[in-house]
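Student: I have a model open and would like to learn how to read its packing. Could you walk me through it?

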Amino acid sequence: MTAALLYPFILVAGALQAIGNAMNAQLRGRMVNPWLAATVSFLPIVFVFTTLFFTMPTPLPSLDSLSKMPWYAPLGGLAGAVAVFGGLAFIDKVGAGPFNGLTLTANILTSLAMDALGLFGLQAAGFKPMPWLGGLLMAVGVIFIARSGGRSDGGEGHGEGHGEGHGEGHGEGHGMSGKVLYPFILVAGALMAIGVVWNAQLRGALENPWLAATVSFVPVVFVFALMFLLRPSPLPTRDDIAGVRWWMPLAGITGAVAVFAGLLFVDKVGAGAFNGLLITANLLTSVALDHFGWFGMKQVKAGPPRLIGAAVMVAGIVLISLF
């Protein structure tokens, strides 16, 4: 019952994650350089969480809790950021539908495997057929939604219609060249699920959630800023910069709510239920964003395939959450 009370907060985090993806797509279109876009997106997160930590510096971790922290725990943010960058770099090559379908399916199945096997410090729940059936239903729902939006979403690069000059020719690349990227996208989806669990372990070791969030995101900003310094071109023009709306650089903060929710809740509800709820809210919000054309997204009406996919996903998360 206690875990069920957390579900609404996780659903809100998933919805905000979807909104953050749409905002990131707009930011990528204006920043032109994906490394610069990722740096701009993640930098405000570090500032916000660092400020909150200095405002609420207690509790602090003990030497004993730090000594027990797994070496990989501080890399949870970096693992999750692979999927964010994958979206920035690959979504115009494979299409938004296939990209989201592959990452989210890999996320679901990896989460269920971690719960079943007790990987990365989770309590082993063993193989339970109903949650895996729920995972299968969610994968089917993802496919319905992805296939119904692939053609419409793929060519635009998600809201980059204001800058057709920035390499939109990739929209045609949904053939063999795009399929070569599928294994990398599946790995990104799996890392997204693993990153949530690593972040939860980081939270346990550092005790203070604001400190844990700061430590999680600092390596992300460092890596993206370093990559931008190594590959500083192309750079945005003055017109590109002038077109940046005030909310675009806040995309990372919006998406970081899901990371923070993982820090707090994943060990209470389980990786499968957490990621299932997060993904369901994410995709349902994405369907709404496309349907209404919010945040500069190309308007794609939610027809029967998308609504069927949404219903199947809800059925899947019910099975994962209840069993």
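Tutor: Gladly! Let's begin with a term: a residue counts as exposed when its relative accessible area is over 50%, and as buried when that area is under 20%. Keep in mind that this is a predicted model.

Student: Is Phe-9 buried or exposed?

Tutor: With a relative accessible area of 53%, Phe-9 is exposed. Phe-265, in contrast, is buried at 15% relative accessibility.

Student: How do I describe a pair of aromatic rings?

Tutor: Such a pair is described by how far apart the ring centres are and by the angle of the planes. The count in this model comes to 16 aromatic pairs. Take Phe-9 and Phe-265: the centres are 6.5 Å apart and the planes stand at 45°, so the pair is tilted. Since Phe-9 belongs to helix α1 and Phe-265 to helix α11, this pair ties together parts 256 residues apart in sequence.

Student: What are the ring distance and plane angle for Tyr-72 and Trp-198?

Tutor: Their centres lie 5.0 Å apart with the planes at 35°, so that pair is tilted. Tyr-72 sits in the loop between α3 (63–67) and α4, and Trp-198 in helix α8, so parts 126 residues apart in sequence are tied together. Both Tyr-72 and Trp-198 are buried.

Student: How should I read two packed helices?

Tutor: Two numbers describe them: the angle between the axes and the distance between the axes. For α1 and α11, the angle is about 155° and the axes are 8 Å apart. An angle over 145 degrees counts as roughly antiparallel, and that makes α1 roughly antiparallel to α11. Their crossing is left-handed. Residues making the contact include Leu-6, Phe-9, Ile-10 and Ala-13 of α1, and Val-257, Ala-258, Ala-261 and Phe-265 of α11.

Student: And what about nonpolar cores?

Tutor: In soluble globular proteins, nonpolar side chains tend to be buried together. The largest nonpolar core of this model has 38 residues, and among those with the most contacts inside it are Phe-42, Phe-49, Phe-217 and Phe-260. Elements giving two or more residues to this core include α1 (2–31), α2 (34–55), α9 (209–230) and α11 (251–269). There is also a second, separate core of 37 residues, which includes Met-138, Ile-145, Leu-278 and Ile-320.

Student: Which residues does Phe-260 contact, leaving aside its neighbours within four places in sequence?

Tutor: Phe-260 is in contact with Phe-49, Pro-209, Trp-210 and Ala-213. Ring pairs also link Phe-260 into a cluster with Trp-35, Phe-42, Phe-49, Phe-85, Trp-210, Phe-217 and Phe-224.

Terms used: Residues numbered from 1 in each chain as written. Predicted model: local features only at pLDDT ≥ 70, side-chain atom pairs only at ≥ 80, totals over all residues. Heavy atoms only, no water. Core = buried A, V, L, I, M, F, W, Y, C linked by side-chain atoms within 4.5 Å. Buried < 20%, exposed > 50% of the residue type's maximum accessible area, 1.4 Å probe, protein only. Helix = DSSP H or I, 4+ residues; strand = E, 2+ residues; numbered from the N terminus. Contact = heavy atoms within 4.5 Å. Phe/Tyr/Trp six-rings, centres within 6.5 Å; stacked < 30°, edge-to-face > 60°. Axes fitted to C-alpha atoms, helices over the stretch in contact; angles between N-to-C directions. Parallel < 35°, antiparallel > 145°, perpendicular 65-115°, else oblique. Left-handed = near helix turned anticlockwise from the far one by under 90°.
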